[in-house]
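Let's take a walk through a protein model together. Keep the picture handy, and follow along as we go from the overall layout to a few individual residues.

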Amino acid sequence: MGVNFRGAELAGARLRGSELFGADFSHAEAARADFSNTQLTAANFRGGDSARRLPGRRPQRRPTGRRRFAGADFSGADLSRADIRGSDLSRVRNLTQEQVNNACADSSTRLPARLSNAGGCSGARRYVRVPVPPRPPVAPAPRHIIGFGGE
C-alpha cells in the first residue's frame, strides 16, 4: 500500500495479482510490465516527460512519454481512482473502457484507438459511507452489598 515506484525501471516487471493501492508510478519506465489482475486503486501513473533527472546524473534524453507503458498488460487490473491524466496508454494491452471510466483521465490522456476518454475522475466520485457503530452500552455500576453478621 502506497509503494513508491517513482522513476523506477520496471520494464518487463511481473506485478500480476499484486495489491498496490495508492502506488506511485510517476516517471517510472514500465514497458511490457504485467499489471494483470492487480489492485491499482488510487495509483499515480502521471509524469511522462522525456528528460529524466536522476540524482547525481545528467538528464537522460529518451522518449519516455510514449514508451513508458508500451506493451504493459492491464487485463483485469482495478484502476478505480487511478490518476492516468497526461499518461500515454495508447500502446498498452487489454485495457478496457470500464477501467478508463473508473480512473481519473483528462484530455491529455492518450488511450488505445478503440477506447474513448470519459474525462474527469468518475471513479473518484464514488464515496462509500461507512456507518459509525453505536457506542457500546455502559456497564452498570457495581452494587454495594451490605454484609450480614456485623460487617
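Here is a short briefing, grouped by topic. Keep in mind that this is a predicted model. The protein chain has two helices and two strands, and along the sequence they come in the pattern β-β-α-α.

**The chain as a whole**

- Buried residues account for 36% of the 151 residues in the protein chain.
- The protein chain exposes about 9900 Å², and carbon and sulfur atoms supply 52% of that area.
- Take the contacts in the protein chain between residues at least 6 apart in sequence: 29% of them join residues at least 24 apart.

**How confident is the prediction?**

- The mean pLDDT of the protein chain is 79, with 73% of its residues at 70 or more.
- Which element has the lowest confidence, and which the highest? The lowest is β1, with a mean of 40, while α2 comes out highest, at 92.
- Over residues 49-65, pLDDT stays under 50. The model still has 26 contacts beyond four places in sequence for this stretch.

- How many aromatic pairs does a search of the whole structure find? The count is seven.
- One of the pairs is Phe25 with Phe45: their ring centres are 5.0 Å apart and their planes sit at 5°, so this pair is stacked.
- Phe25 and Phe45 are both in the segment before β1 (51-52), 20 residues apart, and their pairing links distant parts of the chain.
- Phe25 is buried, with a relative accessible area of 0%, and Phe45 is buried too, at 1%.
- Phe45 has another partner, Phe74, and this pair is edge-to-face, with 6.1 Å from centre to centre and 70° between the planes.
- Phe45 belongs to the segment before β1 and Phe74 to the loop between α1 (64-67) and α2 (97-102), so their pairing ties together parts that are 29 residues apart in sequence. Phe45 and Phe74 are both buried.
- Step back and you get one aromatic cluster, formed by Phe5, Phe25, Phe35, Phe45, Phe69 and Phe74.

**The nonpolar core**

- The largest nonpolar core has 29 residues.
- Which residues have the most contacts inside this core? They are Phe25, Phe35, Leu40, Phe45, Phe74 and Leu95.
- Not counting residues up to four places away in sequence, Phe35 touches Leu15, Phe25, Ala30, Leu40, Phe45, Phe69, Ala72, Asp73, Phe74 and Ala77.

- Asp83 lies in the loop between α1 and α2. Is Asp83 buried or exposed? With a relative accessible area of 13%, Asp83 is buried, because buried means under 20%.
- Setting aside neighbours within four places in sequence, Asp83 is in contact with Ala43, Asn44, Phe45, Arg46 and Cys104.
- Ala70 lies in the loop between α1 and α2 as well, and at 11% relative accessibility Ala70 counts as buried.
- Leaving out neighbours within four places in sequence, Ala70 is in contact with Ala31, Arg32 and Arg91.
- Ala70 and Asp88 are 18 residues apart along the chain, and their C-alpha atoms are separated by 8.5 Å.

**Two backbone angles to look at**

- Most residues other than glycine have a negative phi.
- Ala42 has a phi near 60°, a positive value in a residue other than glycine. You can find Ala42 in the segment before β1, and at 34% relative accessibility Ala42 counts as partly exposed.
- Arg81 also has a positive phi, near 60°, and again this is a residue other than glycine. The place of Arg81 is in the loop between α1 and α2, and its 38% relative accessibility makes Arg81 partly exposed.

Note on methods. Residues are numbered from 1 along each chain as its sequence is written. This is a predicted model: local features need pLDDT of at least 70, side-chain atom pairs count only at pLDDT 80 or more; totals for chains, interfaces and linings use all residues. Side-chain values use heavy atoms; hydrogens and water are left out. Rings of Phe, Tyr and Trp (its six-membered ring) pair if their centres lie within 6.5 Å; planes under 30 degrees apart count as stacked, over 60 as edge-to-face and the rest as tilted. Helices (H or I, at least four residues) and strands (E, at least two) are DSSP runs, numbered from the N terminus. Buried means under 20% relative accessible area, exposed over 50%, partly exposed in between (1.4 Å probe, protein chains only). Contact means heavy atoms within 4.5 Å. A nonpolar core is a set of buried Ala, Val, Leu, Ile, Met, Phe, Trp, Tyr and Cys residues joined through side-chain atoms within 4.5 Å. Accessible areas come from the Shrake-Rupley method with a 1.4 Å probe; for residues, only the protein chains shown count as cover. pLDDT is the predictor's confidence in each residue, from 0 to 100.
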